[in-house]
Amino acid sequence: MTHRRTSSPSMASAGFPDSPQLLANGLLATMQVLTWLFLRPSAWQLYVTQIHPSLQQRSNFCLAQLPPEARRHPKLRRLCWLEFVILPATIGLLVAIVLALLGAPGRNLLFGAAVGVSACVGAGLIGAMVISVAASWMAALVGGLVAGMIYGLLGPDSVVGFSTGLGANPENFRYVVGAMLPPILMANLPNGVAASIAMNVEIKTAAERSIGRQLGGMLLGLLGSALVLALVGGAVRYLLPWLLWWQQPGLMAPGLKTLVNRLTLGVILGGMFGILLGQQTRQSYRNLPFSILAGLVFAITTHYAYGSSFPGILGLAIGSGNAVLLSMLFALAYNLTAAIADIQTSAITGALAISAIHTVFVSVMSGYPLWQPLLLSLVCLGAGLTLSQWLPVLLYPLEQSWNLLLYRLDERQLNARSFIQRSLDERSLDERPVEAQTLQRNYLRWHSVFWDEQQILPLWGLDQHLVLRMTALPRSTQPAIALISTGYQRWAAREAQIELDARRLEQCQDMVAIAQLHQQWSIGESLDDVTQLLRGFRRLSQDAQAVLNQASSYNQRLLLSHLLEQLESFARELTRSQTSTAPRFRPILQTWLAIVEAYQATIVQQSALSQEIESPYIVGIPLTQQQEIFVGRQDVSAQIERLLREQRYTSLLLYGQRRMGKTSLLNHLGRLLPTQIVPLFVDLQGPASIARHHSGFLYNLAKGMIQSAQQYRQIALPSLPREVLEADPFTVFDEWLDRVEQRIAPATVLLMLDEFEALNQALVAGRFEVPAILGMFRNLVQHRSRFRVLLAGTHTLEAFQQWSSYLINLQVIHLGYLNQSAAQRLVEQPVQNFSLRYAPEATARILQLTRCHPFLIQLMCSEVIALKNEQPLVDRWWVTWADVEAAIPQALTHGSFFFADIAQNQIEPEAAMLLYQLAVQTSASEAVTSEPILSSALVDRLVKQELLELTPKGYQFQVELIRHWFVAYRDNF
Amino acid sequence: MPRSLKVAPEQLPKVHLAIQRKGYPSQKQFAADVIPSLSTVKKFLKGDAIDYENFRELCDKLDLDWQEVVCTAANNTAPALPHPVLPHIKLEGELAPFNPSYPVAYPAGFFGRSRELHRCFGLLKSRPLQNIAIIGAKKSGKTSLLKHLAQITVTPSEQLRSDQKSDWLPNPTQYRWIFVDLQDPRLGNREGLLKHLLKAIGQTIDTCDLEQFMDLMSTHLQQPTVVLLDEIDAVLRRNSDLDDQFWESLRSLASHHSGGHLAFVLTSREHPTQLAAHTGHSSPFFNIFGYTTILGALAETDARTMVHSSPLPFAPAEIDWIITQSECWPFFLQLLCQCRLEALQNPELADTWQQEGLEQLDFYRQK
C-alpha cells in the first residue's frame, strides 16, 4: 500500500482530511491514536510528518532520534502526554473496573491497577525513548492491560515476582499460572503487537510488504534472535557465575544478595539504556553515567518497593520492573538488528529474541518442560506479529454491516435528492453549483475503507456505493475514488470507474454525443484490457468527430463507412475477448453501431436530396453517336434517305445556321439511316484541308473514311498508306475506292464532307488544284454507283460557283430548328430518368425564346440547371416560368460566343446596327413595319440568314433570345 | 556535394508554404528564430545558394527534407520552355501571404469564384469535355483561376484551407492540364505552340506542321486533357502565324479527333470573337466555347475570407476599409492587404500604409 498520498484541497473539501488532527479530549485522542495505529497507519504517518518533515520517511521513530526542535513540538508533547499519562491512567482505570466487575477483592483491584499503570508507563517510556514511539504505544497498551489483568486476578499474595517465581510448586495451578503466564504473556503479546505496529507504520510500499520480503525478514529475525540467544546464553552460562561472584552460597545474606543482584541488574540495564540512547541520539554516550545512575536508583526503588506489603506499591514495582526488563531486552535485540537489517527484520528479531530468552528463562525458573512455555510463547508471539493479518478478518463482518447501513442511507438521501432536483432543475449535474453537491450528508466518508486501510478482504458493495455517489455528486466523490484507488480496495475504485465509463458511453445517444465524447474523456496509458477497450471507444469517438468535421457529404460518407468497419471489427473483437468487462461493453457498442448506421442512412438520404442536378447538355461541341441527348431530326434523315434511294440524286448539300446541329446530325446519321447506307464522315476543317499536297488531302480523306466505316458500321476498309499515295495520288486513291466499293457492296456509301467551306478556303488559297479535287468528287458521284456525296456547311453553293459546276444536280437539304416535340423532349427529357421537371409554361417559354434552336435550348437549359442547383432543395426539382426568365441574362453572358459570332462574323456592321434597332424597337409580340428600315437590301440578307422573318405583322427576329442579346450587348458590335 | 546549396525553383512554393505553416508571419520573424542571418534566410527563400550547414539548419527548422528541396544537377538544368504539364509558377519574388504581383500560385491562397469553379468542373468532369472561356479585365484573376483549376483537384487536403472543396473531379489524377502562356513569345507562334502541346502529351519532335500535329494528337490523346490557353488576346492582337486555319484545326481536334478527351479553357481580356473580328479572323474556333464566364469582383464574404487569411490579424475597421477601397477586386484586395501586413511587420509604416495603398490603387486603376 502506498501511504504517501498526494493530497489536494478538493480532498479536504470532500471530507477527507489530508492532515489528521487529534481530538481535544484526552481520552478520545488516545483512542484515536490507537485506532490509527491499528487500522489506519497512514493517519499516523501524516500526523507525525506534521511534527517534523523528516518523519515522513521514518514514521517508526523513537524519541532519541528526534532533532531538538521536533522534541519541543507541541504535537509531540501532546502525543507523549497521551501515552505516558492518559494511557496509563486509562489502563489502570480499565483494569480496576474490569477486575471489579469480575468480583476481585479490593487489594487485587489496587494491585492490578498499579501493575497495569506501571507496566504501561515502563514499557511506554523505554520503548518510546529507544525503540519506536508507535510500537511503544502498543507495548504500553497491551503490556499494561495484560500485566494488570493477570496480576490483578492473581492478587498481591500470589505474586511470583521477578525474583520470587523460583521454586514454585508445579502442582499449584495458581502458581503455574503465576509462574508461566505473566512473564510469557507480558513478554510476547505486547512485543508481538508492538513489532507488528512498528512494521505497519514504517512500511510504505507494496514491495516492502511482499510475502517474500516478510519471510526473509522472519528468517533474518530468527537468525538474529538465535545470535542474541547464544550471546545471552553464553553470558549466563559462563560470564554470569564469574561476574556474579557474590552468588556463591554463604557469601552474603540472602537479602543483601537480592539487593546486589538487583543493583547489578540496574547497572546493566542502565548501561544498556545509556548505550542505546547514545547510539540513537549520536551524542557519544553522554547520557551513559546518568543512565547507569537511573538504573541504580530504579533498582534500589524497586528493591524496597518489593518489600512493601501495600499492594499498590508492590504492583508498581512489579509492573515497572517487568516492563523495563522486557522492554530493554526487546530494545537490545531490535537495535542490534536494526543496525544491519530493515525494520521488519528488527521488529521480528526483537520479538523473537525476547520471547526465546523468556521462554527458556521461564522453563528454567519454573521447572516446566520447555515445550509448554514455548508453545504458549509461540501462540502469543504469533498472535501479536500477525495482528494486521487477523484483525481485519475479525473486523470484517462488523465493517460490512456498517458499510451496508451507510449505503442504504446514502441511497435514500440521493434518491430523494434526485427527485427534487429533477423537478427543480433540468441542468446537468456538472453544471450545478458545487455547494449543491457538498451540502449533502457524505455517508461515504464514514465507510470503513477510509478508517481501516488494513482491510485486505474486498468490501463488497463499495463499488456500487461509489457509483451511486459519483452519478449524483461527481465532484465530491472524485477525490474519494482517488483515495481508494491507492489502497487495498482499489478494485472497487476500478470497478466503479469502469461502470461510470460504461454509463458515460451509454449516455451517447447520437452522433454528436459520440463525436464529442473523446474531448472530455481522458484515458490513461496503461496496457490493461479495460484501458485498451476504453481506448478503442475513444478512437471510435475521434473517428466520429472526423466524420462530422467533413464539409462534403461525399467525404462524410467515405469516413462513415470506415467508421462502421471499425465498429464492426471492434464488436467482433469484444465477442472474442476473454475479459470480464467485455459483456458490459458489448451492448453499448451495439448501440453505437446502430447510431452510426442511422446517421449514415440520414446522410445518404440527405445527399440524395441535396444531390445536384447533373447537366446532360453539351453546349458548343457536336454530339457524337453515343450521346443520347440528340433528339429529333427524323424528318431530315428520312429526307436524306429518300433522296439517296433515287439514283439521280448523287450529291446532297446539308446547310443550316451555325450551331444548328449539322455535325451532330451527321454523327447520328449512322444510327438514323438504314444499314444499306454506310455513312462515312470526314471533317474538312480537320487534317484533310490543312494538308500541303494532294496526297496529304487524299490520305486524310481516306483516313476519315476508314475510321467512320469502322465506327458506324464496323466495316474494316482497306488501308491506304501515305507513301503509297505520294507517287500518283489520284490514281492510287481511285484504285483504293474500287476496293472500298467491293468491300461495301451491296450497300451504298454516303461520303459526308463536313465544313466544306474549309476545303474551299484551301482551294482559294491555291494549296490544292480545283479541277483535281472537285473533279475527283464529280468523278466519284458520276461513275461510282455506290457512292453519294453529302456536303455540309453554313452556306448554300450560291457563294461557291465553282462547286456547283462540278456537283451538278445537287439536292439541298435545309437544317432548321427542331420541331416542337423534339424540342420539348430536349427540354423535359434530355436523358432517361432526368429528375428536373418543367412547368408547361416554363417549357413553352424556353421554346418560344429559342424557337427550338438546339444550341439555344441546351444553353438555356444548362443555365436553368445551374440556377436550380443553387436553390434550396424544396424548390430544386420544379422549373417555373420565373426560373426561365432568371436564366435569360445568364444564358446571354455564358453563351456570348454564339451571339457575338453572329454579330461579328456572320453579318456586316450595318446589319448588326439594324438588328439592334429592330431589337430595341420590338418585343416578341410586335413586329416592325416601319418602311425606312425595312426597305433596305440588308433586310433581305438577314431574312436569308434566318435572323429575321416576315410575319403578317411585319419583320421580326426569328429567335427571341437573339433579340434579347442585341438589346443587352450593344457594346459588343 | 557542393558546399553551398540552393532550393530548387519548383520547390520554392513548398518552402514558403512551410514558413507559413510554421506560423511565421514574416521572413524576419523566421530569421529571428534561426541561427543563420536574415540575409541568408532571404537568399534561401529566393532560391539563391547558401552554405550547406545553413541550408540544413533552415530545412530542419521548417521540417522539410533538405534533399527533397535542394536544387541538384538533375533539376538544375533550366528548361528551354516552361514545363508544359503543370502550371509553371513564376517566383522571382517571395511568396508572401498577399502577393498582388503574381497569380495565386497555390490553391490555399485562392479565394472565392466558387460558382465559376462549379460550372467549369461541371463541364470538365465527364466526356465529352466542354470548352470554357474566362473573360476578365486586367488583374481580375484570370490566370489565378486557370492555375487553380489545374491544381485544386490534385492538391493534398492538408495543403488546403479546411473549407476548400477539392473533390470536383471523379478521377483527378487522370487529368492532364496543359498550361499555355500565350504571352510567352516562344509559345505565340505555331511551331512553338504545337511543340509545347505535343511535349505535354509526351511527344517530342524537331519540326512540326499542323497535319502532323493533328495526327499525333488524335493518336495520343487517351486521357482527359485540358489545354489552358492563358491570355489568348495576346496572340490575336499581334500578327502571328496562328491563323484561321490553325484555330480551325484546334476546333476540329476538339470536336472530332479527341474522342471527347480534349477541352480548351481560354482566358482573355476582351471577347475573343470581337478581337478575332477586329484582327480579320473569322474563326469559328471560338464557336465551340459553349460556356463563357466574365470575372467580376469577388463576393464580399469571399473578400473577407481572403483578408482574414492574413497571418497577422487586421482590425475590423481596417478590414472594412480594405473591402470598401478594393471594391472586392482580388488584385486590389491583395494590394491593400499586403500594405497592411507590411505595416504590421514594420511599425514605422503604421501611419502611412493606407495612404500608400491608395496611391498604388490609383496607379493601377489609371493603368
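A residue is buried if 20 or more other C-beta atoms lie within 10 Å of its own, exposed if 12 or fewer, and partly exposed in between, with C-beta atoms placed from the backbone. This is a predicted model, where local features need pLDDT of at least 70, side-chain atom pairs count only at pLDDT 80 or more, and totals for chains, interfaces and linings use all residues. Residues are numbered from 1 along each chain as its sequence is written, and chains are lettered from A and ligands numbered from 1 in the order in which they are written.

Q: How much of chain B counts as buried?
A: Chain B has 367 residues, and 43% of them count as buried.

Q: What makes a helix or a strand here, and how many does chain B have?
A: Both are DSSP runs, numbered from the N terminus: helices are H or I with at least four residues, strands are E with at least two. By that rule chain B has 17 helices and 7 strands.

Q: Why are α14(B) and α15(B) called oblique?
A: Helix α14 (residues 300-308) and helix α15 (residues 316-326) of chain B pack at about 130°, with axes 10 Å apart. Angles under 35 degrees count as roughly parallel, over 145 as roughly antiparallel, 65 to 115 as roughly perpendicular and the rest as oblique. The two helices are therefore oblique to each other.

Q: Which residues make that contact, and of what classes?
A: Two residues are in contact if their C-beta atoms, placed from the backbone, lie within 7 Å. α14(B) brings B:Glu300, B:Ala303, B:Arg304 and B:Val307, while α15(B) brings B:Ile319, B:Ile322 and B:Ile323. Ala, Val, Leu, Ile, Met, Phe, Trp, Tyr, Cys and Pro count as nonpolar, Asp, Glu, Lys and Arg as charged, and the others, Gly among them, as polar.

Q: How many residues of each chain take part where chain B touches chain A?
A: Chain B gives 38 residues and chain A gives 34. On the side of chain B, α12(B) gives the most, with 8 residues. By class, that side has 12 nonpolar, 18 polar and 8 charged residues.

Q: What makes a nonpolar core, and which residues have the most contacts inside the largest?
A: A core is a set of buried Ala, Val, Leu, Ile, Met, Phe, Trp, Tyr and Cys residues joined through C-beta atoms within 7 Å. The largest has 163 residues, and A:Leu751, B:Leu228 and B:Val265 have the most contacts inside it. Helix α36 (residues 854-869) of chain A gives the most to this core, with 9 residues.

How values were computed:
Axes fitted to C-alpha atoms, helices over the stretch in contact; angles between N-to-C directions.
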